[in-house]
Amino acid sequence: MKHVLTVFRNEFRRIFALRPVFSVLVVGSAFYAVFYPQPYLNEALRNVPIAIVDGDGTSASRELARRVDATSDIAVTMVLPDIVSAEREVFARKIFGILAIPKNFERDLLHGRASPIALYADASYFLLYQRVAGGVAAVAQTLGAEIETARLIGIGVDPALASAAPDPMQLIAVPLFNPEGGYATYVLPGAFILILHQILLIAVGLLGTLPGADPSENTTDDPPPGPFAIIVGKMLAYLLVEAIILPIYLIALPYLYGLPRLGGVIPILVFAVPFVLSISGLGLVVAAIFKSPLSVQLVLAAIGLPFFYLAGFAWPTEVIPPAVHLASLLVPSTSAIDGFTRLAQLGAPLADVRGEFLMLWGLTIFYGGIAWILEVRRRQPDRRNARGAGLLEVSFRSDV
């Protein structure tokens, strides 16, 4: 126990004494907490600019254009004479969609015939495409229902029946855990977990490759700390630091940025323990393999984006190949994002994330065991060198 505390104190001191580690773990955490959520604070896109090409020029076509412009999703910024001129504006990135109203639009509606409109939306930006397509579809459906209702009433159908006829099975969608239907509520909880994962992983990797990484060199204990004490002491030091940083990200920031959070504090903190320990074990393994601070930074920075996609909230888990998904379970953030989201945002009890919880503990044991093996192997050459030096000294004395 004494050796574990010695390693713990030494590693905790190094976190704040080594400038690269302090910059990544403390300054980096503060920087991301302040600046990363800013682009998402508006939650959803509003007033995406489009152009109207009105080939009919009637009161019905102008009413359709007016209603489209009145939606919060779309802004009609141009009324152009033809598709060719509208396409030029799309290529110039001044608009992101074209709504073409055909000739005889009103006449067909008054005669009860279908009068299809054409929408050309920029699909290179999925969110823009989704807003434009959804906004126009909602307006067209509403306007079509009103016209059909008026036509039925005009031929003598009861108004109540005429109102229900265009949409007999009305769907009312209520997003329970994302009331605004916004992107921030969807992406930020998972992004916070991934930020914590990458910052701690890089910091642990740097600590394992910078001077002073071997506690036996900085202690007068006899004998020096063993491999098990070194691994446990370092993990406890990282856990103490994350005990301050992690609640800020998972408890304070959701309140600060208005993200829905139904879960309790205790389940989140309990789930965080194996999350931090598993990342610490993985970081120790990375440091033992690459041995250079620059290599650690380059490798972990390069795999940050793949971790983002493997987590399952940018690239849906259902379409990830099974072999890739199994490999992604070796990354702590994969299980952590699913578990933390259900605990914090959905209000699930700890028992509902038992699988993810046990997976993180399994990764803790797995990576901790590999780190212990690598530490034992690293110390074996030192022991052989020490025995060789002792034999050489004895031989030298016998010769004298």
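Is Arg66 buried, partly exposed or exposed, and what is its relative accessible area? Arg66 is partly exposed, at 49%, where buried means under 20% relative accessible area, exposed over 50% and partly exposed in between (1.4 Å probe, protein chains only). The model is predicted, so local features need pLDDT of at least 70 and side-chain atom pairs count only at pLDDT 80 or more, while totals for chains, interfaces and linings use all residues. Residues are numbered from 1 along each chain as its sequence is written, and side-chain values use heavy atoms, with hydrogens and water left out.

**Salt bridges**
- The structure holds ten salt bridges, each being a side-chain nitrogen of Lys or Arg within 4 Å of a carboxyl oxygen of Asp or Glu.
- Arg66 pairs with Glu63, the closest N and O atoms being 2.8 Å apart; both lie in helix 3 (residues 59-70), three residues apart. Helices are DSSP runs (H or I, at least four residues), numbered from the N terminus.
- Glu63 is partly exposed, with a relative accessible area of 24%.
- Glu356 and Arg342 meet in a salt bridge of 2.7 Å, N to O. Because Glu356 lies in helix 15 and Arg342 in helix 14, the pair ties together parts that are 14 residues apart in sequence.
- Glu356 counts as buried at 15% relative accessibility, and Arg342 as partly exposed at 24%.

**Largest pocket**
- The largest pocket has a volume of about 470 Å³. On a 1 Å grid over the protein atoms alone, a pocket is an open set of points with protein on both sides within 12 Å along at least five of seven lines, a cavity is a set where a 1.4 Å probe fits but cannot get out, and lining residues have an atom within 4 Å of a point. Grid points are joined across faces, edges and corners, and a volume is the space filled by probe spheres set on the points.
- Of the 24 residues lining this pocket, the closest to its centre are Gly312, Phe313, Ile337, Asp338 and Thr341.
- Helix 14 supplies the largest share of the pocket lining, seven residues.

**Largest cavity**
- One cavity of 30 Å³ or more is found in a search of the whole structure, and the largest cavity has a volume of about 70 Å³.
- Its lining consists of Pro189, Phe192, Ile193, Tyr249, Leu250, Pro254, Leu259, Phe340, Ala344 and Gln345.
- Helix 8, helix 9 (227-256) and helix 14 each give two or more residues to the lining of the largest cavity.
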